[in-house]
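Here are my notes on the model you sent. Please read them with the structure open beside you.

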Amino acid sequence: MSFVRSLYKYLTEGHGGELDEKTGMSEKQKKLVQNTWAIVRKDDVSSGLAIMNAFFTRYPEYQDQFKSFKGIPFEELSKNKKFQAHCVSVIAGLSNVIDHIHNPELMEASLINLAERHKNRGQTREHFQNLRYVLEDLIPSVFGKQYTQEVQEAWKKMFDYLFLILCQVYNV
């Protein structure tokens, strides 16, 4: 075996094989993302609340962009059923994307639909980027001991791909 092939095999074997050209992820990384996301989707209400509460804590001005939540004191949001329903839809949307991680074309179509809906409501590329920051900060504590260097790398690639596709809608 040539040195180049040996090096390629060494670099890719630790990640579960060849990289998907679209996502930049190996099969192993895709499985790591799906397996760790299973922790989040076990309790979609609590997980969604954690994400949206962190999002509104870091960016309180964003709450007023939601007609249903505008003017509601932050302390009362978690008990609001419309807010809980929105939180569940955040988890469902992300779950839908992650469920299709092995079909990048379908995953991409789902992301584009999601971005177009949000763009039509006035959300910007910056809103999505700020959501990414919130998710990146939350994930280590949610995954706990499962948040290894390998998992961190897999999620970084996942976020890179997600936001590359989401931002395409805003580049048009």
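1. **Ground rules.** Buried means under 20% relative accessible area, exposed means over 50%, and partly exposed is in between (1.4 Å probe, protein chains only). By that rule, 41% of the 172 residues of the protein chain count as buried. This is a predicted model: local features need pLDDT of at least 70, side-chain atom pairs count only at pLDDT 80 or more, and totals for chains, interfaces and linings use all residues. Residues are numbered from 1 along each chain as its sequence is written, and side-chain values use heavy atoms, with hydrogens and water left out.

2. **Overall fold.** Helices (H or I, at least four residues) and strands (E, at least two) are DSSP runs, numbered from the N terminus. The protein chain has eight helices and zero strands. Its pattern along the sequence is α-α-α-α-α-α-α-α. Contact means heavy atoms within 4.5 Å. Among contacts in the protein chain with a separation of 6 or more, 68% join residues 24 or more positions apart.

3. **The core.** A nonpolar core is a set of buried Ala, Val, Leu, Ile, Met, Phe, Trp, Tyr and Cys residues joined through side-chain atoms within 4.5 Å. The largest one here has 46 residues. Those with the most contacts inside it are Val33, Met52, Phe55, Phe56, Phe83, Trp155 and Met158. Two or more residues come from each of α2, α3 (44–58), α5, α6 (104–120), α7 (125–143) and α8 (149–170). The largest share, 12 residues, comes from α8. In soluble globular proteins, nonpolar side chains tend to be buried together.

4. **Phe83 and His86.** Which residues does Phe83 contact, leaving aside its neighbours within four places in sequence? They are Leu49, Met52, Asn53, Phe56, Phe69, Leu77 and Ser78. His86 is found in helix α5. At a relative accessible area of 19%, His86 is buried. With neighbours within four places again set aside, His86 is in contact with Met52, Phe66 and Phe69.

5. **Helix α3.** The expected span of a helix is 1.5 Å times one less than its number of residues. For the 15 residues of α3 that gives 21 Å, and its end C-alpha atoms are 21 Å apart, which agrees. Its buried residues are Ser47, Gly48, Leu49, Ile51, Met52, Asn53, Phe55 and Phe56. They pack against α2, α4 (74–77), α5 and α7.

6. **Helix α6.** This helix has 17 residues and reaches 24 Å from its first C-alpha to its last, close to the expected 24 Å. Pro104, Met107, Glu108, Ser110, Leu111, Leu114, Ala115 and His118 are buried in α6. Seen down the axis of α6, these residues fall within an arc of 160°, so they line one face of the helix. The arc is that of the directions from the helix axis to the C-beta atoms. What covers the buried residues of α6 includes α5, α7 and α8. Just after α6, Gly122 takes a positive phi of about 100°.

7. **Glu108.** Please look at this residue of α6. Leaving aside neighbours within four places in sequence, Glu108 is in contact with Lys22, Tyr161, Ile165 and Gln168. Glu108 and Lys22 are 86 residues apart along the chain, yet their C-alpha atoms are separated by 9.5 Å.

8. **Asp20.** This residue is found in the loop between α1 (3–13) and α2 (27–41). Is Asp20 buried or exposed? At 17% relative accessibility, Asp20 counts as buried. A polar contact is a pair of N or O atoms within 3.5 Å; within protein, one must be able to donate a hydrogen and the other to accept it, and residues adjacent in sequence count only if both atoms are side-chain atoms. The side chain of Asp20 reaches the backbone nitrogen of Lys22 at 2.7 Å. A polar atom of that side chain also lies 3.1 Å from the backbone nitrogen of Thr23. Beyond neighbours within four places in sequence, Asp20 is in contact with Met25, Lys30 and Pro104.

9. **Cysteines.** A disulfide is a pair of cysteine sulfur atoms within 2.5 Å. A search of the whole structure finds zero disulfides. Cys87 counts as buried at 0% relative accessibility. Cys167 is buried too, with a relative accessible area of 9%.
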